[in-house]
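Me: Please take a close look at one part of this protein and describe it in detail. Then relate it to other local features of the chain, with the cut-offs behind each term.

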Amino acid sequence: MYITTTIPYVNARPHLGFALEIVQGDVLARHHRRRGEPVRFQTGTDDNSLKNVLAAEAEGVPVRELVDRNAAAFEGLREPLDLSFDAFVRTSAHPGHRAGVERIWQAIGHDLYRRHYEGLYCVGCEQFYPEGPCPEGHRTPLQRVSEENWVFRLSRYQGPLLELIRSGRLTIEPAARRNEVLAFIETGLDDISISRSAARSRGWGIPVPGDPSQVIYVWWDALANYITALDGDGYERWWVREPRKIHLMGKGVIRFHAVTWPAMLLSAGLPLPTGIFVHDYLTAAGHKISKSSGAVVDPVALVRAYGVDAVRWWLLREVPRVGDADFTEERLIARADEDLANGVGNLVNRVVTMVHRFHGGLVPDVPPERIDACERAPELVHEALEAFDFRRAAGAVWAIVEEANKYVETAQPWRQSPADREVSLATLVHACRALAVQLAPFLPTAAARVAAAVGDTAGDTAGDTAGDTAGDTAGDTAGDTVGEAAEGAVGEVRLPRPEPLFARLGG
């Protein structure tokens, strides 16, 4: 599977809205690696935007200085957010990007012509609109732009795009977004400007081949990163032969990815992506979190304050598949304390304590009883992630905690006979090991702590950590079951003394 995020502008540092998308991509990548599938997970930055130029001018610094500094901040999300991307692409620095964009431009030459173009331009969106205000809520007034540009015959591809989406060769999730795209195409497509004057762009960007007076439109340039970043035989492996090529994005850029990008590829005679997943927005106090709107939440600062587990868990457990989600630190704290400290942490601590109290710290060497949530979780998590429903997938993991806690209250190991107690303790350790395995794509470091606490040395909580070159060797097991040490009578394992796994954040 080839998984990509959008590449954000670098006019400012990263915000929580992009963290949502890149964490979603990370979960998909880790999940599919653990199933033994080859994965390439790619992200990066869009360096060639006019927004970046204007931000540098406002700061009084060279554009290159601002772009390099902020791009480094995006790439630096890897450690604080515990990310496993295989490739990070910068459109102003990747050695093959400019040449790749130029090749695509030349391949679509039959669909290009020059004409006078006039319209209202939103610098925040880097897009023309027929009228104002900006539908994305950018506060900067739309600029009336009148200039000679290169234009792409998008109108030629209305029929092919409708067939592509209706046939399912290009899937768009959720269904409401697919219907939105189809409705937009059905109303008729106009030809679009795909260059900007070099003067208005301050000379920043990729010049139009053979026409130095024009710079290639930043979106046309940026979309190409999905293939220009595939070095060597990577293009053949991940874009030509890979059966699943998935783009993740926010709802504000769906038309670029579901209309402009496929039309561009059709014109150039190149293979197409196979799937588009569109997430809605994060808001803060009801306002969209974005660099341009001024409503910014710094994900790195959140991790410093509350830890990566709390931040990732809120993004995956709270954000719905459809609809915006309003973020507050109070909601993050409440979810972390309820699910992680009081839920996962309390369950594991309780089980390990009972093993030490009643069985000398040794996991009983007897077959466990069945806990339905443990058996169902692998399939339910996979089904949810196939539908790009991260909240439902996280809920299937959480169900293990709920059912294991109910088992404790029903069995009451402290009241049982020694023989029955051994079965109950073995069952609960098995449940905690299953929890660690299913939790791993969502909270990789926390899952490793859970596995260590219950002595699961044979479980598969580490085989999803990528950053491996193309993912061909990542995850050498199916990852859908608990490790051998958790599946039954495998000899007694001594557990470490119980220690808190999650600190309470709310005091």
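What follows starts with the loop between H14 and H15 and then moves to other parts of the chain.

Reply: This is a predicted model, in which local features need pLDDT of at least 70 and side-chain atom pairs count only at pLDDT 80 or more, while totals for chains, interfaces and linings use all residues. Residues are numbered from 1 along each chain as its sequence is written, and side-chain values use heavy atoms, with hydrogens and water left out.

Helix H14 covers residues 372-386 and helix H15 covers residues 390-411. Helices here are DSSP runs of H or I with at least four residues, strands are runs of E with at least two, and both are numbered from the N terminus. The two helices pack at an angle of about 175°, with their axes 8 Å apart. Each axis is a line fitted to C-alpha atoms, for helices over the stretch in contact, and the angle, from 0 to 180 degrees, is taken between N-to-C directions. H14 is therefore roughly antiparallel to H15. On this scale, angles under 35 degrees are roughly parallel, over 145 roughly antiparallel, 65 to 115 roughly perpendicular, and the rest oblique.

On the H14 side, the contact (heavy atoms within 4.5 Å) includes Cys-374, Ala-377, Leu-380, Val-381 and Leu-385. Among the H15 residues that meet them are Phe-390, Ala-393, Val-397 and Ile-400. By class, the contact of H14 with H15 has 13 nonpolar, no polar and five charged residues. Ala, Val, Leu, Ile, Met, Phe, Trp, Tyr, Cys and Pro count as nonpolar, Asp, Glu, Lys and Arg as charged, and the others, Gly among them, as polar.

Phe-388 sits in the loop between H14 and H15. Its phi is positive, about 55°, although it is not a glycine. Most residues other than glycine have a negative phi, and most peptide bonds are trans. With a relative accessible area of 6%, Phe-388 is buried. Buried means under 20%, exposed over 50% and partly exposed in between, with a 1.4 Å probe and protein chains only.

Arg-202 also has a positive phi, about 60°, without being a glycine. Arg-202 lies in the loop between strand E9 (195-197) and strand E10 (207-208). At 44% relative accessible area, Arg-202 is partly exposed. A cis peptide bond, with omega about -5°, joins Glu-173 and Pro-174. Pro-174 belongs to the loop between strand E7 (171-173) and helix H6 (175-186).

Another helix pair is H12 (residues 308-318) with H13 (residues 329-359), packed at an angle of about 95° with axes 9 Å apart. This makes H12 roughly perpendicular to H13. Trp-313, Trp-314 and Arg-317 are among the H12 residues in the contact, and H13 contributes residues including Leu-332, Arg-335 and Leu-340. The contact of H12 with H13 divides into seven nonpolar, no polar and six charged residues.

Arg-153 is in the loop between strand E6 (143-152) and helix H5 (158-166). At 25% relative accessibility, Arg-153 is partly exposed. Leaving out residues up to four places away in sequence, Arg-153 touches His-110, Asp-111, Leu-112, Tyr-113 and Asp-191. Leu-112 is 41 residues from Arg-153 along the chain, yet their C-alpha atoms are separated by 6.4 Å.

Aromatic rings come next. Rings of Phe, Tyr and Trp (its six-membered ring) pair if their centres lie within 6.5 Å; planes under 30 degrees apart are stacked, over 60 edge-to-face, and the rest tilted. By this rule there are twelve aromatic pairs. One of them, Phe-85 with Phe-88, is tilted, at 5.9 Å centre to centre and 45° between the planes. Both residues, Phe-85 and Phe-88, are buried. Trp-239 and Trp-261 form a tilted pair at 6.1 Å, with 50° between the planes. Trp-239 lies in helix H9 (residues 234-240) and Trp-261 in helix H10 (residues 254-268), so the pair ties together parts 22 residues apart in sequence.

Lys-245 lies over the face of Trp-239, at 5.5 Å from the ring centre. The rule asks for NZ of Lys or CZ of Arg within 6 Å of the ring centre and within 35 degrees of the ring normal. Arg-449 lies over the face of Phe-502 at 5.1 Å from the ring centre.

Overall, the protein has 17 helices and 16 strands, and buried residues make up 60% of its 507 residues.
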